[in-house]
Amino acid sequence: MDRAAAEREIAAVNEALAAGYPIRSIPGQNTNRSAIRAASDQLGVGRVAFAVRVGTPEEPGSHHTRFGIAPDWGIAAGRGELGTKPVLPGWEMKRVSTKLNKDGEVAGETIVQAPAAGGRFEVPPGHVMTKQTIAARADGRIERSWIRTQPGMSPGEMVGTIRDAFEGFEARATPVPAPALTDADTATVYPIADAHIGLLTWKRETGTNWDLNIAQMTIRQTVTRLVAAAPASEQAVVLGLGDLLHADGYDNCTPRSKNVLDVDGRYPKILRAATHLIIDTVDAALSKHERVLVRILRGNHDRESAIAVALGLSLYYANDPRVTVDDDPGYFWFWSWGSTLLGATHGDAAKMATMPLVMATRASAAWGQSRFRHILTGHIHTKTAIELSGVTVESLQTPAPADAWHHEMGYGAGRSMTAITYHREHGETGRVKVNVVPAESAGEV
């Protein structure tokens, strides 16, 4: 029996205990079944073997021995079924008071017990969990836990909310004719790593002027040069590798750590600019390729905004048969092209060294059919590549300059955008790199 089956049996006993069935049957009352018998009858398994697997409060069963799980006997203890002898299963001793006689001998003892901490914390409606602090003993047992929540939505809830808001929205993209000649055996991927739209820098402080207007102009020019130099593959992929936006809302802070960010403009203006920049990139790809797949991954700077951009794109291109927008809010992406399995994530959570195992686990079927395996990441803003177990994991440069904090820390790297072409049978066959050369004097004061 595996763990999943064991958990089902333990859950059935807990349900019976919660429904009022006692731990043990009352002698002479055949109609008053025990929780173990009620659970075994419900599951349709033999009672004797089932009892051995489940155990009793005094003698844990084989499920506890093999998997470390047992019924919550504290449910019955709260009804007084196990007496008051310390300490009841599922309960904790809170206070012991001892009464002595005139000779100093123990004359009586009072024991106060309470249900032990347990169960699952439910996040209040309309909130998301932002922080959990745990106090544990040396043996690893949790003593206390503090959970912090704040108003917000999970990625799944956000997808539904945005979809509802755009109900009845008419697609605005006008389909255009496909290029006359493309290579059906190749796919070209256009990764967009860490564009940080909305970032603000000052040349006298960081060596580079950068704002919303400069970012849009510079990245559009770079994309135009990149698409022009790339081969005319039949399939194109516009792949956002996270941190498309520099800030995720009005507070101009990173969502989790709340680091203060230098931001140019109001949040809706930046969100609109980032969305239009991706639209321009997709339109440029449509001029060169037969089909375009779009996937916008979330990063640590735009955990929610990336979802809004992806859903906006899916609505904008709803009537264009040449564009497919994958608006899945997940943190990982896997895609097959012939003998190549391609993966991507931002890189702030799963690190480069762990990604081959993530790919093998989460895309196991495609893994078994692939010969070439390549994973793209961003986050660190530098060109880095490692090869593990035949999987190449690569981080790409950003088109954006370093902000004030990174500049002060001495960080800095080349800035570029890259297009990578894959053949159905031969894997990666080439790439085009365009260095970002912005107008450094733009807006200088």
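Helix 9 and helix 10 are oblique to each other, the class for angles that are neither under 35 degrees (roughly parallel), nor over 145 (roughly antiparallel), nor 65 to 115 (roughly perpendicular). The model is predicted: local features need pLDDT of at least 70 and side-chain atom pairs count only at pLDDT 80 or more, whereas totals for chains, interfaces and linings use all residues. Residues are numbered from 1 along each chain as its sequence is written, and side-chain values use heavy atoms, with hydrogens and water left out. The secondary structure of the protein comes to 13 helices and 15 strands; these are DSSP runs numbered from the N terminus, with helices being H or I of at least four residues and strands E of at least two.

**Helix 9 with helix 10**

- Helix 9 spans residues 267-286 and helix 10 spans residues 305-316; they pack at an angle of about 50°, with their axes 10 Å apart. Axes are lines fitted to C-alpha atoms, for helices over the stretch in contact, and angles run from 0 to 180 degrees between N-to-C directions.
- The crossing of helix 9 past helix 10 is right-handed, a term for the near helix being turned clockwise from the far one by less than a right angle, left-handed being the anticlockwise case.
- From helix 9, the residues Y267, L271, T275, I278 and I279 meet S305, V309, L313 and Y316 of helix 10, where contact means heavy atoms within 4.5 Å.
- By class, this contact of helix 9 with helix 10 has seven nonpolar, two polar and no charged residues. Ala, Val, Leu, Ile, Met, Phe, Trp, Tyr, Cys and Pro count as nonpolar, Asp, Glu, Lys and Arg as charged, and the others, Gly among them, as polar.

**Helix 8 with helix 9**

- Helix 8 (residues 212-229) packs with helix 9 at an angle of about 10°, their axes being 10 Å apart. Helix 8 is therefore roughly parallel to helix 9.
- On the helix 8 side the contact involves L212, Q216, I219, R220, V223 and V227, which meet K269, I270, A273, H276, L277, D280, T281 and A284 in helix 9. The residues of this contact divide into eight nonpolar, three polar and three charged.

**Helix 1 with helix 2**

- An angle of about 125° separates the directions of helix 1 (residues 3-18) and helix 2 (residues 35-43), which pack with their axes 8 Å apart. Helix 1 and helix 2 are therefore oblique to each other.
- Helix 1 passes helix 2 with right-handed geometry at the crossing. Helix 1 contributes R8, E9, A12, V13, E15, A16 and L17 to the contact, and helix 2 contributes A35, A38, A39, Q42 and L43.
- Sorted by class, the contact of helix 1 with helix 2 has eight nonpolar, one polar and three charged residues.

**Individual residues**

- I69 is placed in the loop between helix 4 (62-67) and helix 5 (74-77). With 14% relative accessibility, I69 counts as buried; buried means under 20% relative accessible area, exposed over 50%, and partly exposed in between, for a 1.4 Å probe and protein chains only.
- I69 and E7 lie 62 residues apart in sequence, yet their C-alpha atoms are 7.6 Å apart in space. Not counting residues up to four places away in sequence, I69 touches R3, A6, E7, I10, H63 and H64.
- H196 belongs to the loop between strand 5 (183-192) and helix 7 (203-206), and H196 is buried at a relative accessible area of 4%.
- Phi of H196 is near 50°, a positive value in a residue other than glycine. Leaving aside neighbours within four places in sequence, H196 is in contact with D243, L244, L245, H246, H301, H381 and A400.
- K258, in the loop between strand 6 (233-240) and helix 9, has a positive phi of about 60° although it is not a glycine. K258 counts as partly exposed at 39% relative accessibility.
- I307 is found in helix 10 and counts as buried at 4% relative accessibility. The C-alpha atoms of I307 and I296 are 7.7 Å apart in space, and these residues are eleven apart in sequence.

**Whole protein**

- Of the 445 residues, 42% count as buried.
- The accessible surface comes to about 23,300 Å², of which 52% belongs to carbon and sulfur atoms; the areas come from the Shrake-Rupley method with a 1.4 Å probe, and for residues only the protein chains shown count as cover.
- Among contacts between residues at least 6 apart in sequence, 64% join residues at least 24 apart.
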